[in-house]
Structures are given as structure tokens and as C-alpha cells.
There are 2 protein chains.
Amino acid sequence: MSEQKSWTLKSIAKELGISNATVSNAFNRPDQLSKKRREEILESCQKLGYSGPNKAAQSLRKGQSNIVALVLPDSVEYMISDPVASDFVKGVSSVLEKSNVNLLLFSGASENINAVSDFVDGFICYGSPRNPNLVEQLRTTAKKVVTADFDIDRKASVGIDNEQAAYDISKLAIKSKNDDIAILGLRLLDSNLTCRVYELPDDEGTPSIAHKRLAGYQKAIKEHGAELRNDRIWNIPKSSHEVALIAAREALTSTPRPNVILCMSDLIALAVLQEICAMGLNVPNDIRVVGFDGIDEASRSTPPLTTVHQNSEEKGNMAAELFINRATNAVVIPYHIEIGHTVNSN
Amino acid sequence: MSEQKSWTLKSIAKELGISNATVSNAFNRPDQLSKKRREEILESCQKLGYSGPNKAAQSLRKGQSNIVALVLPDSVEYMISDPVASDFVKGVSSVLEKSNVNLLLFSGASENINAVSDFVDGFICYGSPRNPNLVEQLRTTAKKVVTADFDIDRKASVGIDNEQAAYDISKLAIKSKNDDIAILGLRLLDSNLTCRVYELPDDEGTPSIAHKRLAGYQKAIKEHGAELRNDRIWNIPKSSHEVALIAAREALTSTPRPNVILCMSDLIALAVLQEICAMGLNVPNDIRVVGFDGIDEASRSTPPLTTVHQNSEEKGNMAAELFINRATNAVVIPYHIEIGHTVNSN
DNA sequence: CTGTTAGCGCTTTCAT
DNA sequence: ATGAAAGCGCTAACAG
């Protein structure tokens, strides 16, 4: 059973006494030879233990591999346990599997897409990669690119209307012009620091997702006639419970203590909730909190979080479909506000 | 900035007026030319927008790609949200990233490893793939193979001593020769059915992980002088809450009702716990339950589950290291019994 | 329907 | 230190 001879298209053709083009055609272009002939050849190959043209050579020749790189925001190790990212991967892979396309996980912390670029048919990027050089490389690559939750020039993309969603949720959280509002932002700065954002860098190019959300918050704040002090915005560099806790603590121990906290992710909001609870304060009476994402855990927290729910798996499906259809348009998918008990208790 | 000309080693060599061997050496074999010369060349390449040898061609030529396929037990879509599988992936990727090796996720439900075999340096397999043909293909491939939580002939492997662990945990659960024991097995049969296992197929070849655990259970049962009726073993085809619930219900509604339930995964045990609770019964007073795996959720359940804890991330690390070191040995890693309140209430 | 052949882009002897 | 040339295994014109 364990056939050791390793055949090539050429050697198998010689063995069968036919030309290699015929063997190639038998495997790749059924219309180029009679059905009967084809089946004979395929059967002989199987019998001899030749499992078809070498894919690496085929890919070199055809420039197509049926592999797509999924570029994660950060290292695989880090992202694989993030519920939002996992859902996205799930969505992508479920669509790709149907088309027999395989998925290469690629870290957003990598130095260079070149390591895999020649192997894949293109890139699906979930969120802005931690290494900003990758964005530049993705912008200039000749391969297909689809982005989700961020944009690159004229590449296909999928995501929700972040500004509108942020506006909607903060509209709910803010109740009076006297509210003291704090914003816990996710990657507002291009920095690893967990710190206050006194002034924002001028937004060159496409605004990031964080900036869009911020714009939505600010619009709602203005409409309420409330004010956002310039020491009330925090930058959280990555989606991690530990880091979020640090920022939460900093915000909650600032004086005067804010009574509305707008969080750019549920993970952050959950950390805030935990910290508020530890301080013996009450949500929503003392402090109102809203999140962003709508992860399962947010609905199971006490109190359940009021947040923007977006369907990450569906987003993954969409991204994969855009990729397969070689689309170049920007798709905006719906979101909904999930009413918990962190704004109104009833 | 967006250099459109796409260079090849040949064309860039001509442009620079040097031989292509020299360019190749500049990139791959620093010892073959003077440091100064090399740096000049590299700099010129960068300036012209040539980012180095095409990896696909390089891989065809060298037979090495720095990509490894991670073969999951089932579809990516399905496995990515499984906490145990995710931890394993995390462990694998954290080690591989350090060696600049990329990870291709491969579904255990695929038809054929050929789809990716020629692209990768080998396979790391987590658990027995759902499609048994893959096992045969992995057995005969010339590529490197490392398995985790199951074995293939003489391939490197990593895992715990499943029989001993099953023995240890069931030794704890069983208390008298009169105990009425049920076993909820995971993939005891090569079938998609959730059903009782009246008789086990003769174990040809290497016993599966499920069979090893079963052997451990049986040994403990025998030592206690208890009996395992032949209608007391269930087969659960896949690790899913829904399917586990069905089996749990079937076991718990059988007459007489078993008072000890040995589960081959925590997911199953949690479903059992949920069902017992729904029936208004008490754990451990009415029924004792033990699991297998030690997922986080098991320690947070009420009551917390008594189970075998194995470190999946560490297992992933180990698998990746075995792969990189081209090992061929079987590594047995430690486990520990996690004492919850599903055997004794105190 | 079949065979011949020129590459895809690269690495690696071997000779210079 | 460098250049010429033979492939790695395959596909797609093209000619028959």
C-alpha cells in the first residue's frame, strides 16, 4: 500500500506510454479528451500511486494556489482566543471551505507579507494589523485584498457604519448636558501605551475604525449639549482584559469621577463593569456604561451590557464572498443596539 | 511608491549587470560573496522594488516552504470555537511564529491532503481527523507528521496517558460495587450516530484515544468489583453541546437510572450536569459525574466539575517543537486531576 | 485528440 | 567571486 516511488507527471506519462500533455489534460481539462480515455488514465494513475499534478509546481505555473491568507490584527496566538476574531475566522472558513480554498493564518505582527505572498491568491484582513507596514504592503500588492473593519484605499471591504453605531449607542448612554463622559478607546493611537489621549493626531488618509467611533460619540455628546473634557479619552492598545482593567481603573479613579463611560469594545466594557463592582458602585445608577461588539459574554454579565451588536461570523462570510467574487466594493452590513441594564436598570 | 514593474531574479540580475547566481546568493547564501558586495546588491534591489526571490518558485526548487498544515479533527468552522482546540492552535502557533513558520488550517473533514500537501513542509494533527482516509494518507506521506491526542504508526506524537488518566478519574467517581455506571464516550465508534455501544469493534491497529480511556474506566470498575452493563456505554460522534445533551438525556432517562456517569469530555459532562439539574436531581448526592479535559468553563460550572486537566496549549507547544526538531518519538505529557464538587460535595 | 516545446522563477553544481 | 546551464514539476500554445 505504501507506494514509495514518487511519480511526476512526466514519469507517469512515460510509464503509460502517452504524452505528458495528455496526462495533464486528464487531470485538468476533461474536455480535451474522451471520457473513456480520461477514466482509463486516471485509473492507471491511481493504481500506480500518482495522486495528480504537484500543486506547488501547478501554482508556480498557473499563479493560483487556492490558499488565502487571513491576516489577523495581531499574532495568531493572541487572536485565536478572542471571541470576536474567532467568529470572523469561522465565517470566513465556512465559505472558503465550500470553494475548496484553504486558509493560512497570518499574524498582523509579522514583518512582511512577502513570507507568504507568493503562496496565496490574496489576503483577507480582519482589522488593522498591528504592524502598520503591512497595511502599506497590502495597499501595493498585486494580489486580491479584502479588508474587514478597516479600509485600504480602493480595496474591497466589509464592516458596519461605525460612526452611526457609536452615535446611536452613546445617544442612549448620555442623558443630560451635565453628564461627565469618559471614552475608553481601542487603538486610537498608533502606540502600545495605555494612556490618556490629550490630542488626536491629524487623521491623514482613511480614518481608522476607532476614529469613526469617536466621531460618533462626539456627535452625540454635542447634540446633548454636553462637554467632553480633553483629559477624558483613553487609548487602549490591544484587546485584552488586563490592559483594559488598567485603563478602567485609571478612568474610574480620576476626579471628578465620570458618570458615563463609552467603551469601544465589550471586553473593555466588561473590565469597567468589574472594576465598578469592585469599587462598590452601582451600574447604571452611579455610572452608565456601554460597549461595542455584542459578544456572548456581554449578555451574560451582571448587569447585562448595553452594546452595539455586530455579527462577526456574517462579516466573515461576506469577506470571503467578496474575495471569491473578486469584488472591489465596500459593503456595509447592519448592526443593532442590544439593550442591557447598564444604561437603564429596567 | 507603488512600483508596478514586477521583477524576477533574472530580470533584476540583468538590470544590475550581474549574474543571477550572484543575486540568489546575496539573498540566500551570504557566505558566497563579500559583505560589501552583498549589501550593495540588496540595497539596489530594495531601491528597484524587488523584494527577494519568489517564494513559490523557491519552494518548488528547494522543496521547503516554511508552512505547516495544522490538521483539525473537523472543519475549521467547527473547531475554531472549541476551547480545547483553540488552546492547542495557540500553543502551536506561538512556537511556530518564533521560527517564522506559517500555519495553514486544514479541515479534518477534507477529502484529501493532496490539496495542500505539496505546499507544506508537513502536518501537525490535532486529534483523529473526522475523515478516516486522511489518517491513511498521513501514514503514507513522505512529509513530516506530528500527531497529538492520537497516533499514527511510527510518527512523532504528543499526548497524555489516557488510560491512566481515565483510570484515576473513574477510581474517584466509583465508590461501591453496587454503583450503576454509565459511560458517555466520544467517538468510540466510527459513526455519526449518537447511540448505545452494545459491542465494541475489535480494535485493529493502534487503539484510539477513546478506547484507551474506556480501558481505564473498565480497569477501575473491575477493581471496585462493580459491573458495567453492556447497555451502559454511549457513543457521541462529535464534541458539541447539542449532541451531548441528547446522549445525556438518553442515559439519564434509562431505567434504572445510573448513579455514576463517566464522560470523555468536559463538554459532555457539562451537558450532563445541565440535564441533571433540569431533572431536579442533585450532584453528587443522586448522581456523580466526572469529565475529561479541564476546560475553564468546567471550573466555573455549578457545581464545579471534577475532571482530568490537561494543558492543551502546552501540548501545542510540544507538538510544534517535535515538528521543528524532526522528532519521531512519542512524548507523554503530564495531566492532573482537578477536584470539583461533582464527586464529593465538600 | 495527441505530442512537442517553451517557459513559470528559482537554486545549485561546475567550470572559470 | 562569478557565469552558464540543468533542472524542480507543471501548463498551455501550437502543430500535427
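Predicted model: local features only at pLDDT ≥ 70, side-chain atom pairs only at ≥ 80, totals over all residues.
Let's start with A:Ser59 and its contacts, where contact means heavy atoms within 4.5 Å. Leaving aside neighbours within four places in sequence, A:Ser59 is in contact with A:Gln64, A:Ser65 and B:Phe119. A:Ser59 is found in helix α4 of chain A; helices here are DSSP runs of H or I with at least four residues, strands are E runs of at least two, and both are numbered from the N terminus. A:Ser59 is also buried, with a relative accessible area of 7%. For the cut-offs, buried means under 20% relative accessible area, exposed means over 50%, and partly exposed is in between, with a 1.4 Å probe and protein chains only.

Residues are numbered from 1 along each chain as its sequence is written, chains are lettered from A and ligands numbered from 1 in the order in which they are written, and side-chain values use heavy atoms, with hydrogens and water left out.

Now, the DNA. How many residues surround DNA strand C? There are 25, and the closest are A:Ser19, A:Arg37, B:Leu9, B:Asn54 and B:Arg61; near means that a heavy atom of the residue lies within 4 Å. By type, they divide into nine nonpolar, 11 polar and five charged. Here Ala, Val, Leu, Ile, Met, Phe, Trp, Tyr, Cys and Pro count as nonpolar, Asp, Glu, Lys and Arg as charged, and the others, Gly among them, as polar.

A backbone N or O atom of A:Ser34 sits 2.9 Å from a phosphate oxygen of DNA strand C. The side chain of A:Arg61 instead has an N or O atom 2.8 Å from a base nitrogen. The elements giving two or more residues to this surface are α2 (20-28) and α4 (55-62) of chain A, together with α2 (20-28) and α4 (55-62) of chain B. Which element gives the most? That is α4(B), with four residues.

Over to the sheet in chain A. Five strands form an open sheet in the order β7-β8-β6-β9-β10, with mixed pairing; two strands pair if DSSP finds at least two bridges between them. β7 (195-196) and β10 (288-290) stand at the edges, each with a single partner strand, so one side of each has no neighbour in the sheet.

Let's follow β9(A). Three bridges join β9 (residues 260-263) to β10(A), and these two run parallel. On that side, A:Leu262 has A:Val290 as its bridge partner, and A:Ile261 has A:Val289. β6(A) and β9(A) also pair in the parallel sense, over four bridges, with A:Leu262 as the bridge partner of A:Ile183. A:Val260 and A:Leu262 point one way from β9(A), A:Ile261 and A:Cys263 the other, and all are buried.

Conventions. Polar contact = N/O pair within 3.5 Å; in protein donor to acceptor, adjacent residues only side chain to side chain.
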